[in-house]
Amino acid sequence: MKITLAHGSGGKSTSDLIEAVFAKHFSNPILNMMEDSAVVCASPKIAVTTDSFVVTPLLFKGGDIGRLSVCGTVNDLLMRGAVPKYITSAFIIEEGADTETLNTIAKSMADTAKEAGVTVICGDTKVIEGSGGIYINTTGVGFVKQSTDIVSTNLREGDAIVVSGNMGDHHAAILSARMGIENNIKSDNAPLGEMVAEMLKKGIELHCMRDITRGGLGTVLNELAKASKVNIELIENKIPINHEVKAFAKILGLDILHMGNEGKMVAVMPKEQADKAVKIIRNCKYGENAQVIGEVKHGTGVTLITPIGGKRQINVLYGEGLPRIC
């Protein structure tokens, strides 16, 4: 069945669509009340984030817009040390969208929410004129311990820079799909809750965490360096990269440091805890390629040490990059 403007009228067609797709996949006691707002148990200190997802194509190797929307929202909460609890979901659907595709996306979103340990507590559906596109807006809520203070101004000289895995996977997967290039590259979109929880549980003094999305590692680290007024020195041959992604980037002239991920994070902690942190992450799902890639130094900006000992200044991403990656 194709979506029509009648599905956004608020009448029977809307109710039928909600019952056939969203209520089926997102069913839980809170959402099933179908009230104008959800009332939930909370915590004295909460983290809140909101995001919109407009990725093309909607379905890609390793994931889809539904999984992506949950991972992106949950990971933003995790980067402040929050325990994700609740998520909202608003779908903006263009007429002509196929309900089979919508079902696939909704099921994927529900499955990923279950994996991430969050409950979809409310949502909305709007249908607009168009040519079959689907967009998702989310809001996420997580609980934070009173003692937790993980912010981008916390970097200190001597801190270690750790990444949880290979750079550029999601960017390469999306670009491959758009260009019709056949390869084995899959998006890394994934919830990172296990590795964050384990590091906190095992006493890692996390000064800062960020998920590496649009703009890539180079942009993220420049933001952190600026916020903390420090220099971040990276060792190029320590940065983990899938060999196929590396070859793909080389052919197209892309800079891995400005290619986005959707299931990787950078964590900053005292140097003496870095090896322990890497071991913890590697023992978690999605963290098998974690690596220490650099150190916080005196100065400003981000510097890359090349394999022959040269130094290269890494800047933020300028220009358009790859639009609609998430």
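## Exposure, pairs and helices

User: How does Glu182 count, buried or exposed?

Analyst: Glu182 counts as exposed because its relative accessibility is 70%, where buried means under 20% relative accessible area, exposed over 50% and partly exposed in between, with a 1.4 Å probe and protein chains only. This is a predicted model, in which local features need pLDDT of at least 70 and side-chain atom pairs count only at pLDDT 80 or more, while totals for chains, interfaces and linings use all residues. Residues are numbered from 1 along each chain as its sequence is written, and side-chain values use heavy atoms, with hydrogens and water left out.

User: With which residue does Glu182 form a salt bridge?

Analyst: Side chains of opposite charge can pair when their charged atoms come close. Here Glu182 is paired with Lys61, the closest N and O atoms being 4.0 Å apart, and the term salt bridge asks for a side-chain nitrogen of Lys or Arg within 4 Å of a carboxyl oxygen of Asp or Glu. The two partners come from distant parts of the chain, 121 residues apart: Glu182 sits in the loop between helix 4 (169–179) and helix 5 (193–201), and Lys61 in the loop between strand 2 (59–60) and strand 3 (63–64). Helices (H or I, at least four residues) and strands (E, at least two) are DSSP runs, numbered from the N terminus. Lys61 counts as partly exposed because its relative accessibility is 38%.

User: How many salt bridges does a search of the whole structure find?

Analyst: The search finds 14. One of them joins the side chains of Glu115 and Arg67, at 3.2 Å from N to O; this pair again links distant parts of the chain, with Glu115 in helix 3 and Arg67 in helix 2 (residues 65–78), 48 residues apart. Arg67 counts as buried because its relative accessible area is 12%, whereas Glu115, at 35%, is partly exposed. Another salt bridge is formed by Asp255 and Arg312, whose closest N and O atoms are 2.6 Å apart. Asp255 lies in the loop between helix 7 and strand 10 (265–270) and Arg312 in strand 13 (residues 311–314), so this pair ties together parts that are 57 residues apart in sequence. Asp255 is partly exposed at 25% relative accessibility, and Arg312 is partly exposed at 35%. Salt bridges that share partners also join Arg67, Glu115 and Lys285 into one network.

User: Where does helix 1 bend, and which of the residues of helix 1 are buried?

Analyst: An α-helix has 3.6 residues a turn, so residues three or four places apart point the same way. Helix 1 (residues 12–26) bends by about 40° at Glu19, the bend being the angle between axes fitted to the seven residues ending there and the seven starting there. The buried residues of helix 1 are Thr14, Leu17, Val21, Phe22, Ala23, His25 and Phe26, and their cover includes strand 4 (83–94), helix 3 (99–116) and strand 5 (119–128).

User: Where is Asn231 placed, and which residues is Asn231 in contact with?

Analyst: Asn231 is in strand 9 (residues 231–235) and counts as buried because its relative accessible area is 7%. Leaving aside neighbours within four places in sequence, Asn231 has contacts (heavy atoms within 4.5 Å) with residues including Glu295, His298, Thr300 and Thr303.
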